[in-house]
Amino acid sequence: MDDNWRLVNGNELYDMNKDRSQTTNVFDKHPEVAERLAVGYEKWWQSIMDENVNERYAYIKVGSPEENPSRISSHDMMTGKFGHMWHQYGATNASQATGNWKIEFVEDGDYKISLCRFPRESGLAINETFPAEKQRVELERAMPASTKSDFEEAYIYVADLEKTAKIEKGQKEVSFTAKVSAGKYDMEAQLIDKDKRVHPAYYVYIEKL
């Protein structure tokens, strides 16, 4: 795909300036565009493979100057039972799940890892409650109410870092700092309620200091 065209499955071509709904396949009318996009895709894919990537897992790179801090969500978590934790409504409903994230720290250094329930831009605390959004005709589903307010601990495990911290009243995020060597790791980031039930940290921010 480029600014004007989208190639789908190698045999469907759409003019995105004129046909955003992708209803008219113009593959036969513009074979040169289809070929250019196909060749560009293969070159891009080969550049990925040349990095000797793990073809089973896609590691999320953190600590790069191109994106610092990196924001990771529960949608990226490796788990056998997703439920609704992958959706932003999952954070609101406090859907339960366990699993890990595949993280690659690209540089040695000091890192701050911050665990949140809601994204930073929301300004919401981990135990924030709020009423359900009013249903509107333009919404397929309205945001449900947030009623859970009993998260007590945050837990992090990655590289040589394993810590638990208390969640204070009104706290928006719980941060941990550690020296981490460049490399690939499994990371666990959890919010734990008063009954010791485990939930994912629905949003995690990793910043190279």
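This is a predicted model: local features need pLDDT of at least 70, side-chain atom pairs count only at pLDDT 80 or more; totals for chains, interfaces and linings use all residues.

Colleague: How many bridges pair β6 with β9?

Modeller: In general, strands of a sheet pair through backbone hydrogen bonds, either parallel or antiparallel. Here β6 covers residues 109-116, and its pairing with β9 is antiparallel. The number of bridges is eight.

Colleague: Which strands stand at the edges of the open sheet?

Modeller: The order in this sheet of four strands is β4-β12-β6-β9, with antiparallel pairing. An edge strand has a single partner, so one of its sides is left without a neighbour in the sheet. Neighbouring strands are turned by 20° against each other on average, direction ignored. The edge strands are β4 (70-73) and β9 (173-180).

Colleague: Is Asp193 buried or exposed?

Modeller: Asp193 forms a salt bridge with Arg197, and their closest N and O atoms are 2.8 Å apart. Arg197 is partly exposed, at 37% relative accessibility. Buried means under 20%. Asp193 has 0% relative accessibility, so Asp193 counts as buried.

Colleague: Which residues are linked with Asp193 in a network of salt bridges?

Modeller: Another salt bridge in this network joins Asp150 and Lys148, with the closest N and O atoms 2.7 Å apart. Asp150 is buried at 16%, and Lys148 is buried at 15%. Linked with Asp193 are Lys148, Asp150, Lys194, Asp195 and Arg197.

Colleague: Is Glu138 buried or exposed?

Modeller: Glu138 forms a salt bridge with Arg136, and the closest N and O atoms are 2.8 Å apart. Arg136 is partly exposed, with a relative accessible area of 36%. The cut-off for exposed is over 50%. Glu138 reaches 55%, so Glu138 counts as exposed.

Colleague: What is the count of salt bridges?

Modeller: Side chains of opposite charge can pair when their charged atoms come close. The rule asks for a Lys or Arg side-chain nitrogen within 4 Å of an Asp or Glu carboxyl oxygen. By this rule the count is 15.

Colleague: Which residues does Ser95 touch, not counting those up to four places away in sequence?

Modeller: Ser95 lies in the loop between α2 (88-93) and β5 (101-105). Ser95 is buried, with a relative accessible area of 14%. The residues touched are His84, Met85, Gly90, His199, Pro200 and Tyr202.

Colleague: Which residues form the nonpolar patch on the surface?

Modeller: One member, Trp44, sits in helix α1 (residues 31-49). Trp44 is partly exposed at 45%. Together the patch has about 350 Å² of accessible area, and its residues are Tyr41, Trp44 and Trp45.

Technical notes: Residues are numbered from 1 along each chain as its sequence is written. Side-chain values use heavy atoms; hydrogens and water are left out. Patches are made of residues with over 30% relative accessible area and no salt bridge: like charges are joined within 9 Å, nonpolar side chains (Val, Leu, Ile, Met, Phe, Trp, Tyr) within 5 Å. Accessible areas come from the Shrake-Rupley method with a 1.4 Å probe; for residues, only the protein chains shown count as cover. Helices (H or I, at least four residues) and strands (E, at least two) are DSSP runs, numbered from the N terminus. Buried means under 20% relative accessible area, exposed over 50%, partly exposed in between (1.4 Å probe, protein chains only). Contact means heavy atoms within 4.5 Å. Two strands pair if DSSP finds at least two bridges between them. Axes are lines fitted to C-alpha atoms, for helices over the stretch in contact, and angles run from 0 to 180 degrees between N-to-C directions.
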